[in-house]
Amino acid sequence: MKHTPAERTNVLNPIRHVLEREMKPNPKHEKSMINLGLGEPKKEHGYGIPQCINDAIIEQVNSGTCNGYTQASGTVEARTAVATKFGTTENPIDPNNVFLTFGTSGALYNAIAVLCERGDEVLVPRPGFPLYQPICENLGVTWSHYDLVPENNWEADLETMKANIKPNTKAILVNNPSNPCGSCFTKDHMMAILQIADDARIPMICDEVYYGLSYDETRPFISFSSLSKTVPMICTGSLSKIYCIPGWRCGWTIVYNNSNYFDKVIDNLGKHSMILLHPTSLVQASLPKIFAEVQEEHFVNLKLRLKTASEVGFERLSKIKGVRPIKSSAAMYMMVGINPDDFKDIEDDVDFCKKLLAEENCFTFPSTCFLSKNFFRVIICTSPEVLNEFGDRLEAFCNAHLK
Ligand SMILES: Cc1ncc(COP(=O)(O)O)c(C=O)c1O
């Protein structure tokens, strides 16, 4: 007899499942690996970090004073640093409304946990980051989707959004800029979404892990928090992408307590933080210095690199018969459309990515991981050279399989 594990832990994070269990690269492959899987900016691809980030944590290690527990929701200094960094004169943030978490993942878990009772529902984007569903499943919360439309710069289909709001919908979750779409909403579109939330009296969870990372001047990044004084919202973010240190696992939940609607939510977030406690004390202690000393130049360079890679990748892939890249304008990804009917022996996006890995040793994620069909996602937080080499291999692959 074996112990039956709790059903609520039988959750599937499709990306991690594919990465760690389904699409194992062959270490003996004759071609070198091109890994366009995880959105992980790395030094070897030109995404180094400013020295002051290293200095900040080394200083804390050497001080010997940051090895203990901190307040469950994070130190006052670290929470104040987040409030100062993301607050504005028009929209100041109270450090008591900030909670430090294990990356944006932890922040999302806390946000969904505190807003939804078992049996409640969250509206999530499709295609979308695939962590939302397993969090919901784990918490006994259900979800439904609104679609992001590729022909419309991946803007949300507002009709499905409205139509899918039910009496038990407790939050509309938006992710802007988007993973996997590599897109950024316009202000008008954001206002339209806020109007829906306002009309339905539903709070929003805004996953802003790619805060500021739009490189299309016509669609600049704007935080949802700056556009409404009436919709209560929880914004989540982290050091992961914008400071290029995803492994440091430091994120935050910022509560915008519009109309004091979230007084009790803030109280419960504080209690909930006491279960797993805070992220690493050393990183927390480094936060004020990281925010204060990383110069604007880092973000300018980061966006420039992403923009260049996005243009090179789009141009190269546009020349390949059988694939339809959609130019990205934000975040770290590009979606590429395929039509299985164009190929002799490709069943769907999963089959496409598995065969591309087996034959060309190129790792990409099928859009099934993001709960949509007939696309695959490539990262663009890599070098233009890697994207060009990928284009060559992808072209050879398509030519071998096209009808
Ligand atoms: C949209 C989105 N939200 C959240 C996360 C998780 O971020 P973190 O690594 O800070 O937990 C990611 C990571 O890729 C992401 O793309």
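Me: P125 stands opposite Y146 in β4. In which sense do strand β3 and strand β4 pair, and over how many bridges?

Reply: Bear in mind that this is a predicted model. Strand β3 covers residues 121-126 and strand β4 covers residues 142-149. The two pair in the parallel sense, over six bridges.

Me: In what order do the eight strands form the sheet?

Reply: The order is β2-β9-β8-β7-β6-β3-β4-β5, in an open sheet with mixed pairing. β2 (98-101) and β5 (155-156) each have a single partner strand and stand at the edges, so one side of each has no neighbour in the sheet.

Me: Which strands does helix α3 touch where it packs on the sheet?

Reply: Helix α3, residues 76-86, touches β2 and β9 (251-256). The direction of α3 makes about 115° with that of β2.

Me: How are two packed helices described?

Reply: The description uses the angle between their axes and the distance between the axes. Here, helix α11 (residues 349-360) packs with helix α12 (residues 384-401) at an angle of about 110°, and their axes are 10 Å apart. Angles of 65 to 115 degrees count as roughly perpendicular, and α11 and α12 are therefore roughly perpendicular to each other.

Me: Which residues in α11 meet which residues in α12?

Reply: From α11 come L356, E359 and E360; from α12 come R393, A396 and F397. By class, the residues of this contact of α11 with α12 are three nonpolar, three charged and no polar.

Me: Now the backbone. Where is P127 found?

Reply: P127 is in the loop between β3 and α5 (132-139). The peptide bond leading from R126 to P127 is cis, and its omega is near 0°. Another cis peptide bond joins N176 and P177, with omega about -10°. P177 lies in the loop between β6 (169-175) and α7 (187-200).

Me: What is phi of R249?

Reply: Phi of R249 is near 55°, a positive value in a residue other than glycine. R249 is placed in the loop between β8 (233-238) and β9. S259 is not a glycine either, and has a positive phi of about 60°. S259 is in the loop between β9 and α8 (263-276).

Me: Why does R249 count as partly exposed, and why does S259 count as exposed?

Reply: Count the C-beta neighbours. A residue is buried with 20 or more within 10 Å, exposed with 12 or fewer, and partly exposed in between. R249 has 18 C-beta neighbours inside 10 Å, so R249 counts as partly exposed. S259 has 10 inside 10 Å, so S259 counts as exposed.

Conventions: Residues numbered from 1 in each chain as written. Predicted model: local features only at pLDDT ≥ 70, side-chain atom pairs only at ≥ 80, totals over all residues. Pairing = 2+ DSSP bridges. Helix = DSSP H or I, 4+ residues; strand = E, 2+ residues; numbered from the N terminus. Contact = placed C-beta atoms within 7 Å. Axes fitted to C-alpha atoms, helices over the stretch in contact; angles between N-to-C directions. Parallel < 35°, antiparallel > 145°, perpendicular 65-115°, else oblique. Nonpolar A, V, L, I, M, F, W, Y, C, P; charged D, E, K, R; others polar.
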